[in-house]
Amino acid sequence: MSQIDIQSSIQKTILKQQKAEDRRKLVLNGILLMLLLLAPFVIYPVFLMKILCFALFAAAFNLLFGFTGLLSFGHAAFLATGGYTTGYLLSNYSGLTTEMGIIAGTLMATVLGLGFALLSIRRQGIYFAMVTLALAQLVFFFFVQSSFTGGEDGLHGVPRGELFGLINLEDNLNMYYFVLAVFLACYLLIQRIVSSPYGHVLKAIKQNEPRAVSLGYKVDRYKVLAFVISAALAGLAGSMKSVVFQLASLNDAHWHMSGEVILMTLVGGMGTLLGPVLGATLVVNIEYQLGQGPLRDWVDPILGAIFVITVLAFRSGIVGEVQKFVRKNIG
Amino acid sequence: MTIMKKLLTSAVASAMMVGGAQAEISNNTVKIGYLADMSGTYRDLAGPNGLSALEMAVADFGGTVKGAKIEIVTADDRNSPDVASSTVRRWLENDNVDMVAGLVASSVTIAATKVIEENNKLGLVNGSAASSITNEHCTPNHIHYTYDTYPLSVGTPTAIVKEGGKSWYILTADYAFGHSLESDVTRMVESNGGEIVDSIRHPFPTPDFSSFILQAQASGADVVALANAGADTTNAITTASEFGLTQSGQTLAALLLFLTDVHALGAETAQGIQLTTGWYWDKDKEARAWSDRFMKETGVRPTMVHAGIYSSTIQYLNAIEATGSDDSQTVRKQMMDTPINDMFTKNGRIREDGRMVHDMYLAQVKTPEESNSEWDLYKILRTIPADEAFRPLSDSKCKLVSSN
C-alpha cells in the first residue's frame with residue numbers, strides 16, 4: 001500500500017469517527033431537547049426556569065473561564081445589573097413590553113462588562129480575579145445604597161407582562177417556553193462562538209498566551225470581547241430571572257453568587273458546553289431538595305464538600321470525566 | 001389601566017373563592033408551610049426552634065381541627081428571596097398549602113407575601129423586622145404578628161429620653177434598614193426634647209467597631225444608640241464592653257436585639273443595654289409556663305419570635321375551628337374580629353393593614369449579679385402600650401387602610 005493510500009484511509013477513519021460522534025451528539029441533543037420541551041408537564045415550571053436561568057449564567061461564565069481561561073470573581077455584578085435594570089424598568093414604565101426590559105437589562109450588563117474588562121484585562125490569574133471581585137463589590141455597595149433597588153428588601157412586584165404585547169407571560173407555561181427559547185438561542189450562540197475561528201483563538205490564549213501573542217494576535221482585544229459577551233449573557237440571565245421571579249434582590253449581587261457560579265461550572269465540567277448546564281441543574285437541585293429535607297442544616301457544608309471532592313478528584317467535572325471515559329472506551 | 005384590570009380580576013377571583021370555599025376545609029387538611037432561615041444568620045431567633053413552636057401549637061389541637069388533619073411542611077429559605085418565592089409558589093400552587101408561617105428576613109417575607117397574595121392564601125409573619133411589611137408592602141393576605149422596627153425605634157428612644165438621656169450619638173449601619181432606623185430615632189429623640197449630638201455610619205457588615213465606639217465615647221453623649229442588626233449589633237456591643245462604655249456612665253441602646261443574641265453575648269458583656277422587645281419569657285406566669293414547655297422540647301428559652309409563631313398559629317387554628325373554613329379571607333376576618341389573649345399578649349388585635357398591635361416592653365439587660373440563671377437576662381422597665389407602640393393608621397401608606 002502506498003503512503004497516500006494510508007493517509008487517505010486514516011483520514012477516512014477520522015471522518016467516520018467524527019461522523020459517529022456528530023451523530024451521537026445529534027441524538028443526545030435531540031433527546032435533551034425533547035426532555036426540555038416536555039419537562040414542565042412533570043416538573044414545576046418555575047423551578048425549571050430557575051435552573052435554566054442559572055444554567056445560562058453558568059454557561060456565560062464558562063465562556064470566559066472554561067474557554068478563555070480568565071477566572072472572573074465578579075460575575076454576580078452582571079447578573080444583578082441585568083436583574084435590577086429589567087426589574088426597575090418593567091415596574092416603573094408600564095408601556096415597556098417584557099422583551100424590551102430584558103434587552104435593556106442585557107445592554108446595561110454589557111456596558112458594565114466593557115468597563116470591567118477594560119480595567120481588569122491587563123492582569124492575569126489571581127490579580128485578574130481580585131480586580132473583578134473588587135469591582136463587583138463596588139457594584140454591590142452601589143445596589144445596597146441606591147434607593148431604586150429597595151436596599152436589602154429587594155425590588156419586588158416586577159410585572160411579567162406580555163411578550164411582544166401578545167403572549168401573556170403570567171402563565172407559567174408561556175413563560176417557561178420563552179425562557180427555554182432564549183436559553184437555547186444563547187446556548188447555540190456559545191456553541192457557535194466556541195467553534196468559530198475566534199473561539200479557537202480564545203482556546204489558544206487559554207493554552208499559551210505568550211505564544212498567541214507571538215503569533216501576532218492582539219490578545220487583549222480577544223479577551224475583552226470574550227469578557228463582554230460573557231457579561232452580556234450573564235446580564236441576560238439576570239434579566240430573565242427577575243421577570244421569572246418578579247423580583248431582584250441583593251443576593252444576586254453578593255460575592256457568594258460569583259462563587260456559586262464557579263462551583264456550578266467546576267462541578268459540571270469547565271470548558272465543556274453541557275458542563276455548566278448540568279452543574280447549575282445539580283447545584284440548584286441540591287439546594288432545593290436538601291433545603292426541604294432533614295439535611296437542611298447541612299446544605300452549605302455538603303456543597304462545600306462536593307466542591308472539594310470535584311477539585312481534588314474530578315478536575316474536569318462530571319461532563320469532562322464522562323467525555324474522557326467515552327473517548328477512551330467507546331471511541 | 002392594567003392596574004385596574006388586575007385589581008378587578010383579583011377582586012372577582014377572591015370573591016369567587018370566598019363564595020365557593022365558605023364553611024369547608026379544602027382537601028380536608030389544613031396544610032401549614034414553615035419557611036425560615038434554618039442554617040444562616042437568623043437560625044437562632046426563629047429557625048428549627050420556631051418549627052418546634054409551630055409543632056407545639058399543632059399538638060395542642062391534637063393534630064386536627066374541625067376533623068381535618070393538620071400537616072406541616074418546612075423549607076430553608078437560605079435568606080434568599082428567589083428560594084422563598086419559588087418554594088412558596090410551589091407550596092401554594094401544587095402542594096395545597098393553606099398558610100405560610102415563619103418568614104424571617106424582610107426581603108424573603110416581602111417576596112413570599114407577594115406570591116401569597118397572588119394565590120389568595122395566608123401568611124403569618126413573625127420573624128421580620130421591617131415595618132414596611134404592613135405599610136407600603138401590605139397585602140390582604142398576611143398578618144405581621146410579633147414586632148416591627150416602628151416600636152423598636154419609638155419605644156427605646158422615647159423611654160430613655162424621658163428618663164433623662166438627653167444627648168444622643170447614633171451608630172448607623174450604612175444601608176436602607178439602618179437609615180430608616182436612624183431617621184425614626186432622630187425624630188423620636190427630638191420630639192421628646194432630646195438632641196442628636198452626632199451620628200456616624202459604618203459599612204455593612206463591619207467586624208471591627210473600635211474606631212466607631214471610641215468616637216462615640218469621645219462625643220460625651222448620654223446615650224449611644226445602635227441602629228443596626230444581627231452580627232453588627234453584637235460586634236458593636238462586644239467592643240463597647242471592652243472599652244467600658246456602659247461602665248463609664250453612657251447608656252447603650254440597641255434597637256434590634258434578640259434574647260438569643262444577649263444569651264450569646266452573656267450578661268457580663270451585654271449588661272445595662274436597653275432594648276425593646278415584643279415578649280419576654282419571664283414576663284408573667286403564663287409566659288413562664290409556656291416557655292418551660294418550650295425549653296423541654298428544645299433545650300433553650302424562646303425568643304419573642306418563637307412565642308409569636310406559637311401564638312399566631314393557635315389564633316389561626318382557632319379561627320378555622322370557629323368558622324369551619326380554611327379560606328384565607330374568612331380566616332383573616334375571624335382573626336381580626338377576635339381579640340388575642342394568651343401567653344403572648346393581652347388584648348392584642350389585628351388591624352386592617354395586617355399589623356397585630358399589642359403591648360411592647362422596654363427591657364434592660366441584667367448585670368451578672370442580678371441574673372439568677374443562664375436565661376435570666378432582662379428586667380422589664382416599662383410596658384409600652386399598644387396604641388403608642390405601633391405606627392398609627394393615620395400615617396399608613398397601606399392600600400388596605402380605608403382613609404387612603
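This is a predicted model: local features need pLDDT of at least 70, side-chain atom pairs count only at pLDDT 80 or more; totals for chains, interfaces and linings use all residues.
The scores come first. The model as a whole has an ipTM of 0.79 and a pTM of 0.85. For chain B, the mean pLDDT is 89, and 94% of the residues in this chain reach 70 or more. One stretch stands apart from that figure: over residues 14-22 of chain B the pLDDT is below 50, although this stretch still has 13 contacts in the model beyond near neighbours in sequence.

The overall build of chain B can be described next. Its secondary structure comes to 13 helices and 15 strands. With a radius of gyration of 21 Å, close to the 22 Å given by the globule rule for 404 residues, chain B is as compact as a globular protein of that length. The C-alpha trace of chain B spans about 65 × 55 × 35 Å along its principal axes. Of the 404 residues in chain B, 57% are buried.

Chain B is divided into two domains. Domain 1 takes in 2-12 + 26-147 + 285-358, while domain 2 takes in 150-277 + 359-389. The centres of domain 1 and domain 2 of chain B, taken over C-alpha atoms, are separated by 29 Å. Where the domains meet, twelve residues of domain 1 of chain B are in contact with 15 residues of domain 2 of chain B. On the domain 1 side of this meeting place there are five nonpolar, five polar and two charged residues.

Chain B also touches a partner, chain A. Here 26 residues of chain B are in contact with 25 residues of chain A. On the chain B side, the elements giving two or more residues are β3 (68-76), α3 (81-93), α4 (106-118) and α6 (176-191). The element that gives the most is α3(B), with seven residues. Sorted by class, the chain B side has eleven nonpolar, nine polar and six charged residues.

One of these contributing elements, α4(B), can be followed in more detail. This helix has 13 residues and reaches 18 Å from its first C-alpha to its last, close to the 18 Å expected at 1.5 Å a residue. Is α4(B) mostly covered or mostly open? Twelve of the 13 residues in α4(B) are buried, so the helix is mostly covered, a residue being buried if 20 or more other C-beta atoms lie within 10 Å of its own. Among the buried residues of α4(B) are B:Ser106, B:Val108, B:Ile110, B:Lys114 and B:Glu117. After α4(B) comes B:Asn120, which has a positive phi, near 50°.

Two further residues have a positive phi without being glycine, one in each chain. In chain A, A:Phe164 has a phi of about 55°, and this residue lies in the loop between β2 (162-163) and β3 (167-168) of chain A. A:Phe164 counts as exposed because it has 9 C-beta neighbours inside 10 Å. In chain B, B:Asn347 likewise has a positive phi of about 55°, and its place is in the loop between α12 (328-337) and β12 (349-350) of chain B. With 12 other C-beta atoms within 10 Å, B:Asn347 is exposed.

Notes. Residues are numbered from 1 along each chain as its sequence is written. Chains are lettered from A and ligands numbered from 1 in the order in which they are written. Domain bounds come from an automatic or database domain assignment. Two residues are in contact if their C-beta atoms, placed from the backbone, lie within 7 Å. Ala, Val, Leu, Ile, Met, Phe, Trp, Tyr, Cys and Pro count as nonpolar, Asp, Glu, Lys and Arg as charged, and the others, Gly among them, as polar. Helices (H or I, at least four residues) and strands (E, at least two) are DSSP runs, numbered from the N terminus. The expected span of a helix is 1.5 Å times one less than its number of residues. pLDDT is the predictor's confidence in each residue, from 0 to 100. The radius of gyration is taken over C-alpha atoms; the globule rule is 2.2 Å times the number of residues to the power 0.38.
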